[in-house]
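Subject: Structure handover

Hello,

Please find the structure below, with notes on what was found in it. The notes go through it part by part.

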Amino acid sequence: MSGLDAAGGLAALRGLLARPLASYYLLLSSAGLLLLIGLTMVFSATSVKDYAEAGDASASVTKQAVFAVIGIVAFWACQRLPASTFRSLGRPVLAAAVVLLLVLNLLLALDSLFRIKALGPLRANLLWLYLGPIQVQPSELAKLALVLWGAHVIARKGAALGWWKELATPLFPVVGLLFVLVGYNDLGTMLCLLAIVVGLLWAAGVRMRVFAALSAVGLLGIGVLVAVASLGAGSGAVGEENYRLARLTSFINPPDPATCLETGCWQLVQARNAIEHGGWFGVGLGKSSLKFGWLPAAHNDFIFAVIAEELGVVGCAVILVLFAVLAYTGLRVARRVEDPFRRLAAAAITAWLVGQAVINIGGVIGLLPLTGVPLPFISDGGSALVVTLAAVGILASFARAEPDAARALHARPPARWVRLLWAPLPPLPGRRRRPATPPAARGSVPRSRARREDDQAAPRGGRQGRTRGGTASERRR
């Protein structure tokens, strides 16, 4: 009987997943639950400290809830937009991200070299750029810009990606510029950008030797960024200990916990203490003790340790399952959509969100070196939450554009007021525009791109029977 029940459960699950809008509802449910858990854990991690400092226990969660509302509006707007709009937005968003990163690095350089703290209303603090009371994190915008612009560039090149020069221009120079502008201050976010690039190239079907070359270049770049921390990169300082190298050596050769204040492994040890204290079922929501000054960045980078202490292994498993559902849904959307741009962008967004979650959780539990990236949907941070929800809105737009989902929506369209307030009908599959004229060949063309000579192929540039024969001198006669 147990075998029959399991078989029936699997059959029911397959039936649910076979429904036309299964991807859309899986995406909404996983992202919505992660957002709800995030708001709850931000309140749990910050309420006591906020009450002790300002007399308002809900100060941080109220601010995070405001950004959540803004992010939901961004989600709603993005899921209404067609793929053509996202393709046209790629270049402006990329230009805005590069300009903001240049301004941020300029202000940090002025502060480091000449002790100039601000230029008018503009000021910077490591990763954040301030325009008066407005605070933004340009590296978060760079993630979304790389997804949209990179997917557009690769989709436009199409089969020409088999040619190495097509990858070299303009994708690699722009990616290298973003890596330098972001990685100089934030190595963890640079790894998230690397995950986006890997997702794009993997979905495009690039050869493995390209990934091998990129891996070698990436390891070299990470080594350089670790070395320049001694010159003041990131939160480092000239003449002081290289904090990036200390994190790496602490991961490879963990020191004695009793000497962590001197060796820089304090965060990792306290995170493990929180996980051990939580056990299987946790000490209870809001009852964490290590968040009271013992665990640094408990509301942000190390919020997963607070979840482990208060909700235990069961709570951590719920978080991991939700991210696994999000990963499955993103790859499912990427596999089912017909448009190459949608496929590439869906794979890149999935690699970004899941890769960032893996980097954060792996660093907290000690499986990866610490990098200091927030946990998507859950960590405290306004810019990250808004951009993340906008990316989920883009995935939702693509999920509604799956062939089966589009046919189902057109077969039984929702009420008009629902389409006006929520999302319009997606385009039906099979209606594609005429392919654009391929760009002129640059240099020598590989054999795979050469036009195949076929005796039955019609001559290019004119109708059959109307071509002129003979040499040029004979035609002039």
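Arg115 counts as exposed because its relative accessibility is 60%, and the cut-off for exposed is over 50%. Please keep in mind that this is a predicted model. Arg115 sits in the loop between α4 (83-114) and β1. Its phi is positive, about 60°, although Arg115 is not a glycine.

Leu126 also belongs in this part of the notes. Its phi is near 60°, again a positive value in a residue other than glycine. Leu126 is found in the loop between β2 and β3 (128-131). With a relative accessible area of 26%, Leu126 is partly exposed.

**The chain as a whole**

The chain has 477 residues, and 42% of them are buried. It contains 18 helices and 4 strands. The accessible surface of the chain comes to about 25,500 Å², and carbon and sulfur atoms account for 64% of that. Taking contacts between residues at least 6 apart in sequence, 67% join residues at least 24 apart.

Leu119 stands opposite Leu122 in β2.

Trp128 is in strand β3. It is partly exposed, its relative accessible area being 25%. Not counting residues up to four places away in sequence, Trp128 touches Leu104, Arg123, Gln135, Val136 and Gln137. Trp128 and Ser139 are 11 residues apart along the chain, and their C-alpha atoms are separated by 8.9 Å.

**Ser383**

Ser383 is in helix α15 (residues 382-400). Is Ser383 buried or exposed? Ser383 counts as buried because its relative accessibility is 19%, and buried means under 20%. Leaving aside neighbours within four places in sequence, Ser383 is in contact with Gln135, Val136, Gln137 and Glu140. Of these residues, Gln135, Val136 and Gln137 are also touched by Trp128. The side chain of Ser383 reaches the backbone nitrogen of Gln137 at 3.3 Å.

**Helix α14 and its partners**

Two packed helices are described by the angle between their axes and the distance between the axes. Both values are given here for two pairs that involve α14.

The contact involves Lys143, Leu144, Val147, Leu148, Ala151, His152, Ile154 and Ala155 of α5. On the α14 side, the residues are Pro340, Phe341, Leu344, Ala345, Ala348, Ile349, Trp352 and Gln356. The crossing of α5 past α14 is right-handed.

The other pair is helix α8 (residues 187-204) and α14, where the axes come within 8 Å and cross at roughly 145°. This crossing is right-handed too. From α8, the residues that meet α14 are Leu191, Cys192, Ala195, Ile196, Gly199, Leu200, Ala203 and Ala204. Their counterparts in α14 are Arg343, Leu344, Ala347, Ala348, Ala351, Trp352, Gln356 and Ile359.

**Arg332**

Arg332 lies in helix α13 (residues 303-336). Its relative accessibility is 3%, so Arg332 counts as buried. Which residues is Arg332 in contact with, leaving aside its neighbours within four places in sequence? They are Leu17, Arg19, Ala22, Ser23 and Glu402. With Ser23 there is a polar contact between the two side chains, at 2.4 Å. Arg332 and Ala399 are 67 residues apart in sequence, and 8.8 Å apart in space from C-alpha to C-alpha.

Regards

Key
Residues are numbered from 1 along each chain as its sequence is written. This is a predicted model: local features need pLDDT of at least 70, side-chain atom pairs count only at pLDDT 80 or more; totals for chains, interfaces and linings use all residues. Side-chain values use heavy atoms; hydrogens and water are left out. Buried means under 20% relative accessible area, exposed over 50%, partly exposed in between (1.4 Å probe, protein chains only). Contact means heavy atoms within 4.5 Å. A polar contact is a pair of N or O atoms within 3.5 Å; within protein, one must be able to donate a hydrogen and the other to accept it, and residues adjacent in sequence count only if both atoms are side-chain atoms. Two strands pair if DSSP finds at least two bridges between them. Accessible areas come from the Shrake-Rupley method with a 1.4 Å probe; for residues, only the protein chains shown count as cover. Axes are lines fitted to C-alpha atoms, for helices over the stretch in contact, and angles run from 0 to 180 degrees between N-to-C directions. A crossing is left-handed if the near helix is turned anticlockwise from the far one by less than a right angle, and right-handed if clockwise.
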